[in-house]
Amino acid sequence: MKKIAKVFIFIAILVLGFLLRKKDHVVIPIPGQSMDEYSYSWVGLSLLKVCMPVGMSGIPGYKNRTIKYINVDRYQQVIPSNPLEINYPWMDHPPLLPLLTGGYAYFKNVKNFESVSVQVIRKPMLLLGVISLALVFIYVYQSSGFVAAVFSGIFYATTPLIVLSSRMVQGENALIPLFLLVLIFSHRYSHGGKKVNLYLAGVFAGLSTLVKLSGISSYLFVLIYLFLNTKKPLKTFLSEYLYFLLVASPITLMFFVYGVSFGLENFINIFKSSADRFYGIGPSLLLELFKSQRLTQHKYITEPIIFSAWIIFFSITFKKINSFITKTYYAPVLFMLSYLCTFIFFGSQPYGWYSFPLWPFLCILLGIYFGKIITQTYTFGAFILSILALGGSLTKIIDIGQFQQYSNYWRFTMPVLLIFSVLYLRFPKLVVFHKTITIVVIAVTIAINIYYMLTMTQGYWWNNIS
Amino acid sequence: MSFLLFIKFQREKNFSKENYNSLVAGRSETMQLTQDPCLYKILGDPEVLGEEYIKINFWCSDGRVSKSTLAMRGLSDLTFLGVVSKYSKIVGIDQKVFEKYGWTCNLNSSQADPQKIVTPHSNIDCYENKSQVPRK
């Protein structure tokens with residue numbers, strides 16, 4: 001395929017992803033469903049306006065606290081809520097995301113907390129969402145080729161839960177592009193790239209810890225990724241990681257300098273209080289991650305694309321592994337493992353946004369899988385997986401009562417196609433048909449997801465999403 | 001070290017109680033004020049959480065009612081006028097409407113004195129039409 005056509009498809013995917021994210025981004029998710037969105041932005045705005053980070057915190061340990069009714073976006077007319085506890089100097093998280101959304105509000109001349117509307121603060125998130133989408137595409141393109149990149153890109157652009165989640169002002173949405181940049185540059189370095197790639201991985205790993213401390217998973221990823229490169233001696237690994245640390249750690253240390261500059265005692269108190277937080281995710285975290293993909297603490301959608309990608313994740317881990325470095329899809333798997341480690345370690349409440357950083361990696365894995373199926377060896381698991389995604393997506397737009405009028409089409413077509421999907425084992429030439437059918441089923445699934453997003457209203461969101 | 005000093009210097013220059021209050025308690029410039037006190041209410045219920053509260057109800061002449069419960073810890077001025085003003089600010093009521101249309105307010109079933117301190121579990125009832133005011 002010509003380069004110009006590839007660029008055109010890449011841009012088309014970005015535009016599609018942007019338009020889906022932009023549609024109704026002010027009303028879905030409903031403002032006030034996560035007060036973090038406001039709090040992050042208040043911290044940034046107050047830092048820029050009065051040089052003091054002021055925000056909401058559920059953590060005890062703050063000396064300066066004010067109880068206020070701040071009815072921003074009239075959320076208290078929609079969401080049952082009580083006055084908010086405002087604390088300063090707010091040290092729950094590092095200030096990079098607050099400076100992004102609060103900084104945008106500042107430049108939009110927002111004067112006070114009650115004026116920090118989602119209409120303003122979700123705009124930078126739309127941009128971050130599209131950057132993440134571009135990075136998903138770029139990583140898969142450089143590691144697994146164009147077809148796989150198209151699959152990954154389209155999955156990440158159109159999967160409803162990902163589209164909805166990427167609109168929210170949550171630290172995890174700022175971690176995602178930084179994690180992807182660490183992945184891209186680590187991959188380039190491990191595949192013969194210059195040392196500058198390792199330094200750049202260090203810069204973005206450092207920056208990720210200025211978003212949230214769970215950004216430390218990028219340190220862990222680089223550590224394991226370099227360590228598992230058995231082609232290089234252990235001594236080389238140690239020097240490489242030292243170089244990485246020399247770049248990344250001064251950036252991370254900036255948070256501690258920043259924290260101490262607002263009072264060492266306050267900073268230590270918040271750290272201690274964070275460490276004592278309720279371990280709400282419990283021991284069933286992994287099970288919860290697979291069975292229900294949460295958006296907030298209570299809103300979740302079982303997302304067939306993400307569920308299918310988890311199956312691919314497992315299938316990769318079941319394979320016999322000779323070298324982590326030579327197989328391109330092991331890097332995202334390692335990043336997921338690194339992030340899961342920090343997720344399990346930090347714990348806290350089972351908020352949906354803690355799982356957001358896993359989703360781009362899952363889309364990468366699913367895209368690489370379908371890319372290989374279409375361009376290389378076909379296996380009938382691909383067809384079963386595509387039916388799983390199709391059926392799951394269909395139930396979002398047609399309820400079981402409405403589906404009855406189409407049930408005969410489904411009951412006759414699907415069994416025939418399922419049996420047909422294994423016939424290539426006897427007649428290898430049929431593979432072309434199998435691949436075509438799989439592509440058609442995936443295309444229909446994506447079309448359904450786009451339709452679902454275009455027709456979703458605030459009322460539907462409020463009443464139908466559990 | 002210079003970064004640390006820079007932050008400290010900037011904070012001492014810019015942070016004051018007045019700046020903090022105008023940031024945290026300032027009124028939204030984009031919230032559209034309503035002339036209809038029965039249009040909105042606060043959905044939270046501090047009573048359920050076992051907090052000290054004040055109930056505030058608006059009775060419109062067309063039969064509509066807006067009932068809210070305010071948590072006392074969210075209020076700084078506990079005079080009757082302070083509470084009604086705060087409530088009006090929270091839900092975005094144009095306060096001129098009360099004078100313009102002659103609203104009458106009771107505090108615990110007696111005509112309200114604007115400077116009277118509102119005690120926990122009090123009821124504030126405001127009526128658009130005097131004929132709605134319950135007779136003792």
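Which residue in β3(A) is the bridge partner of Thr66(A)? I looked it up: in β3(A), Ile86(A) is the bridge partner of Thr66(A).

**Ground rules**

I note that this is a predicted model, where local features need pLDDT of at least 70 and side-chain atom pairs count only at pLDDT 80 or more, while totals for chains, interfaces and linings use all residues. Residues are numbered from 1 along each chain as its sequence is written, and chains are lettered from A and ligands numbered from 1 in the order in which they are written.

**The sheet in chain A**

I followed β2(A) and β3(A), residues 84-88, and found them paired in the antiparallel sense over 5 bridges. Two strands pair if DSSP finds at least two bridges between them. Strands are DSSP runs of E, at least two residues, and helices are runs of H or I, at least four residues, numbered from the N terminus. I then read the order of the open sheet of 3 strands in chain A: β1-β3-β2, with antiparallel pairing. β1 (55-56) and β2 of chain A each have a single partner strand, so one side of each is left without a neighbour in the sheet.

**Two helices in chain A**

I turned to α9(A), residues 195-209, and α11(A), residues 234-261. Their axes come within 8 Å and cross at roughly 30°. That makes α9(A) roughly parallel to α11(A); angles under 35 degrees count as roughly parallel. Axes are lines fitted to C-alpha atoms, for helices over the stretch in contact, and angles run from 0 to 180 degrees between N-to-C directions. I listed residues of the contact: Leu198(A) and Tyr199(A) are among those of α9(A), and Tyr243(A) and Phe244(A) among those of α11(A). Residues are in contact if their C-beta atoms, placed from the backbone, lie within 7 Å. The contact residues divide into 12 nonpolar, 5 polar and 1 charged. Here Ala, Val, Leu, Ile, Met, Phe, Trp, Tyr, Cys and Pro count as nonpolar, Asp, Glu, Lys and Arg as charged, and the others, Gly among them, as polar.

**Where chain A touches chain B**

I found 31 residues of chain A in contact with 34 residues of chain B. α11(A) supplies the largest share of the chain A side, 4 residues. That side divides into 15 nonpolar, 11 polar and 5 charged residues.

**Chain B**

I noted 4 helices and 5 strands in chain B. From the N terminus on, the elements run α-α-β-β-α-α-β-β-β. The C-alpha trace of chain B spans about 70 × 30 × 25 Å along its principal axes.

Notes:
Angles under 35 degrees count as roughly parallel, over 145 as roughly antiparallel, 65 to 115 as roughly perpendicular and the rest as oblique. Two residues are in contact if their C-beta atoms, placed from the backbone, lie within 7 Å.
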